[in-house]
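This report looks at side-chain contacts and surface features. Please view the sequence and structure below first.

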Amino acid sequence: KTAVFVLATLNQLEPVDGEVSVVVLCHTRELAFQIGNEYNRFKTYLPGVKTAVLYGGIPIRNNLTLLKEDPPHVVIGTP
């Protein structure tokens, strides 16, 4: 199921530098990492696509810095 969702979003993605195009919200950190791994597996065929997994438990400044300085096209995270 995850691969179908990931492939569908990657197929529709038109990456623009500096813009987040896809936001995936997950209810657990483990699921966010699993989905992030699937994106990483399939994005090898789309070299311009950047992804990031964001989650709590670390200083929020780390996530803010990533989003400001090098925004990914796909953000996977937990609320």
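Glu38 is buried, at 19% relative accessibility. The cut-off for buried is under 20%. The model is predicted. Arg41 counts as partly exposed, at 47% relative accessibility.

The side chains of Glu38 and Arg41 form a salt bridge, 3.0 Å from N to O. Both residues sit in helix α2 (residues 29-42). They are three residues apart there, so about one helical turn separates them.

## A bridge between loops

The structure has two salt bridges. One of them joins the side chains of Asp70 and Lys50, at 2.7 Å from N to O. Asp70 lies in the loop between α3 (60-69) and β3 (74-77). Lys50 lies in the loop between α2 and β2 (51-54). The pair therefore ties together parts that are 20 residues apart in sequence.

Asp70 is partly exposed, with 40% relative accessibility. Lys50 is partly exposed as well, with a relative accessible area of 26%.

Thr9 belongs to helix α1 (residues 2-12). Its relative accessible area is 17%, so Thr9 is buried. The Thr9 side chain makes a polar contact with the side chain of Tyr39, at 2.5 Å.

## A nonpolar surface patch

Which residues form a nonpolar patch on the surface? They are Val20, Val23, Leu25 and Leu67. Together they have about 350 Å² of accessible area.

Val23 is in strand β1 (residues 22-25). Its relative accessibility is 58%, so Val23 counts as exposed.

Definitions and conventions. Residues numbered from 1 in each chain as written. Predicted model: local features only at pLDDT ≥ 70, side-chain atom pairs only at ≥ 80, totals over all residues. Heavy atoms only, no water. Patch = residues over 30% accessible without salt bridge, like charges linked within 9 Å, V, L, I, M, F, W, Y side chains within 5 Å. Areas by Shrake-Rupley, 256 points an atom, 1.4 Å probe, with all protein chains shown as cover. Salt bridge = Lys/Arg side-chain N within 4 Å of Asp/Glu carboxyl O. Helix = DSSP H or I, 4+ residues; strand = E, 2+ residues; numbered from the N terminus. Buried < 20%, exposed > 50% of the residue type's maximum accessible area, 1.4 Å probe, protein only. Polar contact = N/O pair within 3.5 Å; in protein donor to acceptor, adjacent residues only side chain to side chain.
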